[in-house]
Amino acid sequence: MAGGDPSTGGKCILAPGAIGAAHQAGFSKGYSKTCPGAHAEGSPYMWPLKWAADYENHAMAYGSDDVVYNSRGRTFYSLDRNWKRSDTNYALGTLRTIGQGPCMDSIGTNSCLYNQTSEVTTMIHRENMMYFIDYKEDSDAVLGETDASKIANCSKLNLAVVGNIRPDWFLDSRGDDTDVQYLGDQHVFYDTKLPKLVKQWRKKDFASQYFVMSMRGNPPNYLAKDPDAPEIDDIHLPLILNIPGEGFGDDSIQVYRNHALLDEDDDDLFLLIENFEALGGVCVDPSDFEGGGVGPPSTDEHIPSNLEVDPLSWVSNEVTFSPVWVNTKEVSSTMDKEVETSTSAKTVIEASERVTVEACLDEASMMIDYSIHYRDMIPAGDGTLPWVALGFRPTDRCAMNPLDGSPTPIVLVQHAAGDASPMAYSTDLVAAAKGMSEDAFAQIYMAAVPLDE
């Protein structure tokens, strides 16, 4: 699904790599309840496509239950269009994370001190573009404000391939470097100590940390099955979300309350930018940010998390409650998918549903022979196959590029038009390629030398 399905009209496209474990692609036109091939296709536990809720977030430092940051507001989703809006009217403390909006009181890399106790700020994420909005003083802007004349400042960020969250992100194991563990039901205290039954899933990320999503287990109309009940009374809504810092910030817990379903009449919530520009307003890009990158971000400091994957407690268990998709894999009690063959010198790893890697060790020369097998590959219109690159990280750190910005030696396998088969080349992956720089890609190709030379 990373490449999309022509029948979806440009929808249902996952972001590439590890980002696709949770996000739509920045160029995807949205998502649906019935994305072809999705493991959670038709699942009643998928997030609603169009909904809103008040949120409250508490961030805690590693090794402590002390809250270092607290924020409140209301968030709005139109995931069928790859749209999100988040309004904040309270933010107090130090927020450590990547992808923050403009910070007036920066206290270090990816850290900002907030003291917002009354005014409203807005973030809008539409496909690949993210906007940050401040309102005029004494404008009396409210959560869900739609009057563009109240806007004082607007800045923007091009996120390239990164779109919004996909509504089934926590249910499946699609995407790279991820896993999922269905936990089942339990009762929790929710919203002023009201007991609620929730269904829970853990979702592993690229940093070997995990989210915990708690969905409402008993909708109000679950037993009565009143055909005249409001639609929302039949929906398993998101209630509580544990969020790991992913190495860039502090862990947090987020609670959703006062849910509501949205429809096309609420589109003005997401069209605030167009209305602002129609009044002559301009959203500026203050950062010279050119597309970010398609791999996990890299920072000099790794912040530990209380939500690190523990091999003693993790069980790979993909349960989506889809009426369409059937999981044919057995539940595995290990994080990896390695299968030892009859000789200890050979290992077979299922990297994804379509990719299998065989690694054979020649003990005499202490060299490893890799064989990578692809299934169901579809050639392009000119008959060429997709390119493949293989590289080795110099350390265990999960980063597309070394922190010092140096290039990474890779083997690039490319199928040029007119060639009978793909050819392998030796070249360097330059750091600027992570930002989708055309000059960087040109540099990679210019440095390529046939591997047999």
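**Disulfides, salt bridges and surface charge in a predicted model**

The link of C12 and C35 is left-handed, with -75 degrees about the S-S bond. C12 lies in the segment before β1 (23-25) and C35 in the loop between β1 and β2 (50-60), so this link ties together parts that are 23 residues apart in sequence. Helices (H or I, at least four residues) and strands (E, at least two) are DSSP runs, numbered from the N terminus. The structure is a predicted model, in which local features need pLDDT of at least 70 and side-chain atom pairs count only at pLDDT 80 or more, while totals for chains, interfaces and linings use all residues. Residues are numbered from 1 along each chain as its sequence is written, and side-chain values use heavy atoms, with hydrogens and water left out.

The structure holds 2 disulfides, a disulfide being a pair of cysteine sulfur atoms within 2.5 Å. In the bond that joins C12 to C35, the S to S distance is 2.0 Å. C12 is buried at 2% relative accessibility, and C35 is buried with a relative accessible area of 1%. Here buried means under 20% relative accessible area, exposed over 50%, and partly exposed in between (1.4 Å probe, protein chains only).

The other disulfide joins C154 to C283, with an S to S distance of 1.9 Å. The torsion about the S-S bond of C154 and C283 is about 90 degrees, so this disulfide is right-handed. C154 lies in strand β8 (residues 151-158), whereas C283 lies in the loop between α1 (272-278) and β15 (338-340), so the pair ties together parts that are 129 residues apart in sequence. C154 is buried, with a relative accessible area of 6%, and C283 counts as buried at 6% relative accessibility.

D80 is in the loop between β3 (67-78) and β4 (83-96) and K50 is in strand β2, so the pair connects parts that are 30 residues apart in sequence. D80 is buried, at a relative accessible area of 13%, and K50 is buried at 12%.

Another salt bridge is formed by the side chains of D267 and R81 (3.0 Å, N to O). This pair links distant parts of the chain, with D267 in the loop between β14 and α1 and R81 in the loop between β3 and β4, 186 residues apart. D267 is buried, with a relative accessible area of 11%, whereas R81 is partly exposed at 28% relative accessibility.

R166 and D168 also form a salt bridge, their closest N and O atoms being 2.9 Å apart. R166 is buried at 0% relative accessibility, and D168 is buried with a relative accessible area of 0%. Both residues belong to a network of salt bridges that links R166, D168, D172 and R174.

Most residues other than glycine have a negative phi. D177, however, has a positive phi near 55 degrees; D177 is placed in the loop between β9 (162-165) and β10 (179-190) and is partly exposed, at 41%. E246 likewise has a positive phi, of about 60 degrees, although E246 is not a glycine. E246 lies in the loop between β13 (238-243) and β14 (251-261) and is partly exposed at 21% relative accessibility.

Technical notes: Salt bridge = Lys/Arg side-chain N within 4 Å of Asp/Glu carboxyl O.
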